[in-house]
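Please look through the sequence and the model below before reading on.

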Amino acid sequence: MSKTKLSSNSNIDIVPAPEGYVGHGFFATKFDQVIGLARANSLWPLPFATSCCGIEFMATMASTYDMGRFGAERNSFSPRQADMLLVMGTIAKKMVPILRHVYEQMAEPKWVIAVGACASSGGVFDTYSVLQGIDKIIPVDVYVPGCPPRPEQIIDGVMQLQEIVKNESIHRRASEKYQELLESYKFE
Ligand code: SF4
């Protein structure tokens with residue numbers, strides 16, 4: 001889809017419209033695509049930061065990288081007002097019930113990004129006390145590699161998630177497959 005400029009003398013691209021029919025004074029598209037577009041560009045992050053990767057996230061949220069460009073500048077420290085859980089850092093096994101509780105408190109639709117090696121796989125901490133990847137306890141949509149990942153990589157993870165959100169049917173969360181996924185993690 002071609003990019004649209006904010007104005008003729010601007011170098012700022014605006015989010016492209018979904019596919020549809022354009023006529024004189026009207027534009028028609030699928031409801032799924034409009035919802036996907038709105039959701040993908042208003043993902044409110046819940047940062048669950050336990051160690052160094054959290055510092056990279058702070059840099060990502062600051063002015064140089066500016067998450068406001070993605071509609072994701074509004075951190076939510078209340079799970080009920082967040083769409084995108086970003087888990088950053090080493091998750092000790094003692095933290096497992098807390099992380100699961102936070103995930104459970106988030107309203108649907110919700111998505112999860114595992115930021116960095118520790119959240120994705122336990123990282124260098126291959127030890128009895130560290131969870132070897134958060135996907136052992138909650139479903140993960142995007143994994144961001146690195147120890148730590150640079151802000152550009154975190155932004156890339158968010159953009160990957162935007163693609164998932166944009167193309168996900170509004171019915172997926174009610175589907176049998178999704179229910180089975182939640183059941184496999186023993187969520188009701
Ligand atoms: S992945 Fe590396 S930088 Fe990130 S929390 Fe683990 S040890 Fe720290």
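A nonpolar core is a set of buried Ala, Val, Leu, Ile, Met, Phe, Trp, Tyr and Cys residues joined through C-beta atoms within 7 Å, where a residue is buried if 20 or more other C-beta atoms lie within 10 Å of its own, exposed if 12 or fewer, and partly exposed in between, with C-beta atoms placed from the backbone. The model is predicted, local features need pLDDT of at least 70 and side-chain atom pairs count only at pLDDT 80 or more, while totals for chains, interfaces and linings use all residues. Residues are numbered from 1 along each chain as its sequence is written.

The largest nonpolar core has 35 residues, and among those with the most contacts inside it are Met84, Leu86 and Ile113. Elements that each supply at least two residues of this core include strand E6 (84-88), strand E7 (111-115) and helix H5 (151-167); helices (H or I, at least four residues) and strands (E, at least two) are DSSP runs, numbered from the N terminus. Leaving out residues up to four places away in sequence, Ile113 touches Met84, Leu86, Asp141, Val142, Val144, Gly157 and Leu161, a contact being a pair of C-beta atoms, placed from the backbone, within 7 Å.

Helix H5 also meets helix H1 (residues 31-40), and their axes come within 7 Å and cross at roughly 155°; the axes are lines fitted to C-alpha atoms, for helices over the stretch in contact, with angles from 0 to 180 degrees between N-to-C directions. H1 is therefore roughly antiparallel to H5, a term for angles over 145 degrees. Gly36, Leu37, Arg39 and Ala40 of H1 make the contact with Gln162, Val165, Lys166 and Asn167 of H5.

Finally, Ala92 is found in the loop between E6 and H3, and is partly exposed, with 14 other C-beta atoms within 10 Å.

Methods: Two residues are in contact if their C-beta atoms, placed from the backbone, lie within 7 Å. Angles under 35 degrees count as roughly parallel, over 145 as roughly antiparallel, 65 to 115 as roughly perpendicular and the rest as oblique.
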